[in-house]
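Please read these notes with the model open beside you.

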Amino acid sequence: MKPRVAVLQFPGVNCEAESERALSSAGLAPERVPWTAPAAALEKFDAFLLPGGFSYQDRVRAGAIAARHAFVDTVRERAARGVPVLGLCNGAQVLVEAGLVPATRAGENLGAALAPNRMPGRSGYLARWVFLRVEESPCVFTQAYAPGEIVPLPMAHGEGRFVVHPSQDWSEIESTRRVPFRYDAGAEASQANQGHDRTSEPRMPFPSNPNASFGDAAGVMNARGNVLALMPHPERAQSLAQVPLDLAGAWGERRRRARLAGESLWSAGPGAGIFLSLAYALGVREAAVAR
Amino acid sequence: MTHVRQLVVRHRALDPTAWTALHALAQGQSDASALARADLWEFEWEGDSAVAERLVAWARTANWFANPNRDRATWRRSDADATDLESGAARMSGESGASGRGAYLVTTWRGAVRSQEHEAAATRALGLAVRVRHGQVWWLAAEGADAEHALHDAGGAERGGLLANPHSQEARVFGASLPVPAMSVHGEEEP
């Protein structure tokens with residue numbers, strides 16, 4: 001039997017279908033659970049995915065209302081027992097507002113925030129492809145990637161800037177290796193960025209770091225690595241067909257080659273590794289995964 | 001001389017954000033019985049006070065601050081001026097409109113209180129440098145309980161409340177009246 005993954009549907013989310021497709025492609029059995037279901041309905045699941053969108057119309061702050069839904073109490077309790085939890089974009093905002101990540105200090109309600117994007121000469125929502133570097137970490141969701149690998153993913157958000165209170169040191173998050181995905185323009189930029197202490201402010205300029213996120217963080221996890229809040233959308237890059245033809249780097253090249261060679265575009269895309277990592281963590285053998 | 005005008009922009013109809021927040025607070029055992037929310041703007045300039053009239057006229061037609069079909073805009077120049085917030089407050093009973101003593105909470109995004117776009121537009125329209133600050137204001141009433149205390153619980157940094165995330169926002173609780181000005185920039189860089 002395939003591991004079951006609950007896709008939590010709060011009113012206003014809009015990425016359920018592609019999230020389910022990505023989970024299915026990785027050999028998992030997704031099931032959509034609407035907000036009207038009792039929290040007890042979550043007990044049977046092996047993992048949880050909080051999809052992107054605009055839960056509760058982003059009222060008060062993105063993710064703030066959904067973070068107080070009874071589902072989240074169950075997710076918190078299951079996460080404490082090691083059950084994997086993945087929040088994508090608005091799902092990431094819910095996890096941060098619920099205090100499930102970074103969960104740096106015991107008993108703390110909130111350990112970080114996702115603030116409005118900060119960009120030179122403009123403000124608000126930004127949708128574009130960004131490049132992420134996979135950091136070495138115990139994160140459940142990066143095990144299908146090699147440390148240092150560059151993963152292009154699309155982002156689309158207005159409040160995606162990981163920050164902590166000025167009195168709190170961002171290095172506390174870094175020293176406990178809670179940043180498994182970091183914005184990175186690629187190999188050349190990585191080299192130029194060596195020796196960066198990553199104590200607070202972003203070092204990658206816009207648009208490499210598209211929102212001035214502290215530490216260039218695109219995703220932040222809890223200490224155990226089973227809860228990940230990721231702002232870009234891997235479910236929108238689960239197959240090669242979703243990679244833009246003009247994208248720079250190895251994945252763009254792969255996409256262009258496949259087109260010229262007439263190869264299938266429905267092979268795994270750059271975002272598939274996140275769902276494959278989850279599948280492997282839940283015991284799915286590689287042969288069972290549709291590639 | 002420095003002049004400040006404050007603009008409070010609330011929905012004419014029941015504010016859905018206030019209604020949702022009120023019910024979320026109720027689940028968390030808050031004493032809140034009514035809650036209202038509005039966009040809060042502050043305009044500050046040096047020199048001629050007569051600019052205020054042109055500011056009001058420009059803001060009404062500029063389409064930057066309020067949609068007259070949807071919003072009610074209230075100008076204030078001193079603490080004594082009404083905010084008109086309570087008359088649009090969401091109530092636990094499902095009705096809108098409240099009265100009695102409440103307290104105010106002003107929230108701003110840290111480092112993003114001043115708006116470059118709005119300052120440029122106002123400066124161009126009025127012909128002098130205008131500083132524009134933006135935030136949100138909440139008004140809360142708590143039957144049989146202390147409204148300020150309930151607001152500290154709901155939005156105070158100490159408890160990481162619903163109405164403000166202390167990692168990204170500044171939150172200031174005021175008593176029965178909303179001061180003019182109510183927002184500060186805390187050393188924020190020029191936009």
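How many bridges join strand β3 (residues 47-50) of chain A to β4(A)? The first point answers this. Before that, some ground rules. This is a predicted model: local features need pLDDT of at least 70, side-chain atom pairs count only at pLDDT 80 or more, and totals for chains, interfaces and linings use all residues. Residues are numbered from 1 along each chain as its sequence is written, while chains are lettered from A and ligands numbered from 1 in the order in which they are written.

1. Strand pairing. Three bridges join β3(A) to β4(A), and the two run parallel. Strands pair here if DSSP finds at least two bridges between them. Helices (H or I, at least four residues) and strands (E, at least two) are DSSP runs, numbered from the N terminus. L49(A) has L86(A) as its bridge partner in β4(A), and F48(A) has V85(A). β1(A) also pairs with β3(A), in the parallel sense, over three bridges. On β4(A), four bridges make a parallel pairing with strand β11 (residues 227-230) of chain A. G87(A) stands opposite A229(A) in that strand.

2. Strand faces. In a regular strand the side chains alternate between the two faces of the sheet. In β4 (residues 85-88) of chain A, V85(A) and G87(A) lie on one side, L86(A) and L88(A) on the other, and all are buried. Buried means that 20 or more other C-beta atoms lie within 10 Å of the residue's own; exposed means 12 or fewer, and partly exposed is in between, with C-beta atoms placed from the backbone. β3(A) has A47(A) and L49(A) pointing one way, F48(A) and L50(A) the other, and all are buried.

3. Helix α2. β3(A), helix α2 (residues 70-79) of chain A and β4(A) form a right-handed β-α-β unit. Right-handed means that, with the strands pointing away from the viewer, the path from the first strand over the helix to the second runs clockwise. The buried residues in α2(A) are F71(A), V72(A), T74(A), V75(A), R78(A) and A79(A). They fall within an arc of 160° seen down the axis of α2(A), so they line one face of the helix. The arc is taken over the directions from the helix axis to the C-beta atoms. These residues pack against β1 (4-9), β3, β4, α3 (90-97) and β11 of chain A.

4. Backbone points to check. Most residues other than glycine have a negative phi, and most peptide bonds are trans. D58(A) is not a glycine, yet has a positive phi of about 60°. V60(A), also not a glycine, has a positive phi of about 70°. D58(A) counts as partly exposed because it has 19 C-beta neighbours inside 10 Å. V60(A) has 26, so it counts as buried. The V101(A) to P102(A) peptide bond is cis, with omega near -5°. A cis bond also joins F206(A) and P207(A), with omega about 5°.

5. Chain contact. 17 residues of chain B are in contact with 17 residues of chain A. Contact means C-beta atoms, placed from the backbone, within 7 Å. On the chain B side that touches chain A, helix α1 (residues 16-27) of chain B gives the most, with six residues.

Notes. Contact = placed C-beta atoms within 7 Å.
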